[in-house]
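Below are my notes, in numbered points, to read alongside the model.

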Amino acid sequence: MPSVVISGAGAAGLAAAWWLARAGWRVTVVERAPDLRTGGYMMSLSGPGHAAATRMGLVPKLEPLAYTVKENVYRDRRGREVLRLRFHDIVEGLDYLVMRRTDLIAALRADLPDSVDIRLATTIADVEDGVDGAHVRLSDGSALDADLILLADGMRSALRSRLFAPDAACLKPLGYRFAVYELKDRLGLGSDFVSYAEPGHIAEYYTLAEGRVAALHVWHSRQTGPVPAAERWRLLDEVCARSHPAVHAQLAAAREDGAVPLVDDLALVDMPRWSKGRVLLLGDAAHCLTLISGQGAGMALTSAAILADALGRAAVPEALAEHEARLRPSIARLQDRSRKMAGMFVPRSPVAFELRNLFMRHVPRKWIGRYFVNAVNAEILAAKGG
Ligand SMILES: Cc1cc2nc3c(=O)[nH]c(=O)nc-3n(C[C@H](O)[C@H](O)[C@H](O)COP(=O)(O)OP(=O)(O)OC[C@H]3O[C@@H](n4cnc5c(N)ncnc54)[C@H](O)[C@@H]3O)c2cc1C
């Protein structure tokens with residue numbers, strides 16, 4: 001029985017575990033966190049990601065967990081409405097689901113066969129790759145032989161920097177940072193988003209189940225790199241110094257609730273090769289796309305399905321080469337979209353901010369919808385090899 005060790009129990013790692021366990025592989029997943037409940041931000045699954053979830057039979061399990069989004073109302077620093085976008089106009093005709101990352105991860109985990117060995121609070125300590133197989137030492141002291149090792153441990157994969165290249169060579173920051181956190185709902189938005197937008201910064205809020213609200217900030221930043229937990233609220237205070245009072249109220253309320261924001265760079269992961277011997281980078285560890293293009297979780301599901309198909313036809317080295325050849329063109333297009341769209345999502349200067357708002361107010365909604373839907377449909381065709 002072939003065996004695989006997967007580092008990281010996010011969308012990429014769990015989807016790969018699902019496919020390979022069903023194909024008869026012995027699967028061990030190691031996850032650094034003590035549980036899988038982190039990162040409850042809102043995300044949408046459409047295009048190839050929705051198609052991959054459909055192939056996995058996941059969609060009926062995700063639908064009851066999905067949210068309805070009606071409108072995103074953009075307000076400026078003074079609370080004046082500057083824009084109003086109906087979600088329906090943008091995704092018209094597409095299959096999509098809007099859900100929390102936590103719910104996607106829980107659904108993927110619940111669907112894994114019992115044979116999958118998941119080890120929480122565990123990491124890969126060392127990898128020795130040889131001609132006949134790899135030897136993996138885990139932080140819990142155990143050792144495993146493996147035919148394949150998947151590094152699905154996210155944008156800041158520690159093993160990638162040890163086995164492939166340092167972060168400085170792989171991470172390409174877009175000049176923005178983001179923060180996400182949850183708090184008790186004091187806004188009463190129903191099914192609408194509200195966004196407070198200003199030059200160089202946007203704060204978005206959306207109602208979750210059980211009386212909670214998800215908050216997202218994206219801001220222009222020259223600084224890069226991880227921000228220690230103790231400094232994150234101070235940083236957000238600085239970022240929001242000139243924001244609408246409602247933003248300050250939400251920051252204060254979240255602190256009072258004891259939330260800890262997740263803060264990171266909006267950075268692409270750009271690797272010349274995704275595999276080395278029997279080790280393959282998967283998901284954000286290989287090709288983080290950022291929230292600007294979206295589709296990161298969707299492409300993680302797609303990538304796992306492509307890998308399983310390739311491994312069903314060929315030996316490990318050929319299958320890894322085929323997986324990369326099939327996925328790369330879509331990743332290149334999505335990363336290009338992230339680079340181009342970041343300034344449109346958060347214009348940096350007051351002039352760019354006014355121009356963006358003017359453009360978005362006057363451009364026919366059908367055009368925005370068509371741009372988005374065509375881009376997503378192109379990726380569906382590409383994933384099918386069409
Ligand atoms: C705010 C926001 C909004 C987004 N919106 C969308 C969207 O609308 N649609 C979409 O498709 N995508 C979206 N994305 C992107 C999407 O969330 C990611 O692309 C996707 O989650 C990547 O999955 P992954 O499994 O590759 O990595 P991750 O989700 O980062 O999972 C990596 C896992 O590895 C674990 N880990 C880390 N280090 C180690 C280690 N050394 N050993 C073992 N385990 C380790 C981590 O704890 C984690 O569980 C969004 C992202 C953000 C931040």
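1. Let me start with a question: which residues does L65 touch, not counting residues up to four places away in sequence? The answer is M99, D103 and A107. Please keep in mind throughout that this is a predicted model.

2. As for where this residue sits, L65 lies in the loop that runs between α3 (59-62) and β4 (71-75). One of its contacts is A107; the C-alpha atoms of L65 and A107 are 9.4 Å apart, although 42 residues separate the two in sequence.

3. Three strands make up an open sheet, ordered β8-β9-β10, with antiparallel pairing. Its edges are β8 (124-129) and β10 (143-146), each of which pairs on one side only. On average, neighbouring strands of this sheet are turned by 20° against each other, direction ignored.

4. Looking at one pair within that sheet, β8 and β9 (residues 134-138) run antiparallel and are joined by five bridges. In one of these pairings, D126 has R137 of β9 as its bridge partner. The two strands also form a hairpin, with four residues between them.

5. Next, the ligand. How many residues surround the ligand? There are 35, and the closest are G8, G10, G154, G283 and G296. Sorted by class, the shell holds 17 nonpolar, 13 polar and five charged residues.

6. Finally, which elements build that shell? At least two residues each come from α1 (11-22), β2 (26-31), β3 (42-46), β12 (171-184), α10 (284-287) and α11 (296-313). Of these, α11 gives the largest share, with four residues. When you next open the model, I would be glad to hear how you read the ligand shell.

Key:
Residues are numbered from 1 along each chain as its sequence is written. This is a predicted model: local features need pLDDT of at least 70, side-chain atom pairs count only at pLDDT 80 or more; totals for chains, interfaces and linings use all residues. Two strands pair if DSSP finds at least two bridges between them. Axes are lines fitted to C-alpha atoms, for helices over the stretch in contact, and angles run from 0 to 180 degrees between N-to-C directions. A residue is near a molecule or strand if its C-beta atom, placed from the backbone, lies within 6 Å of it. Ala, Val, Leu, Ile, Met, Phe, Trp, Tyr, Cys and Pro count as nonpolar, Asp, Glu, Lys and Arg as charged, and the others, Gly among them, as polar. Two residues are in contact if their C-beta atoms, placed from the backbone, lie within 7 Å.
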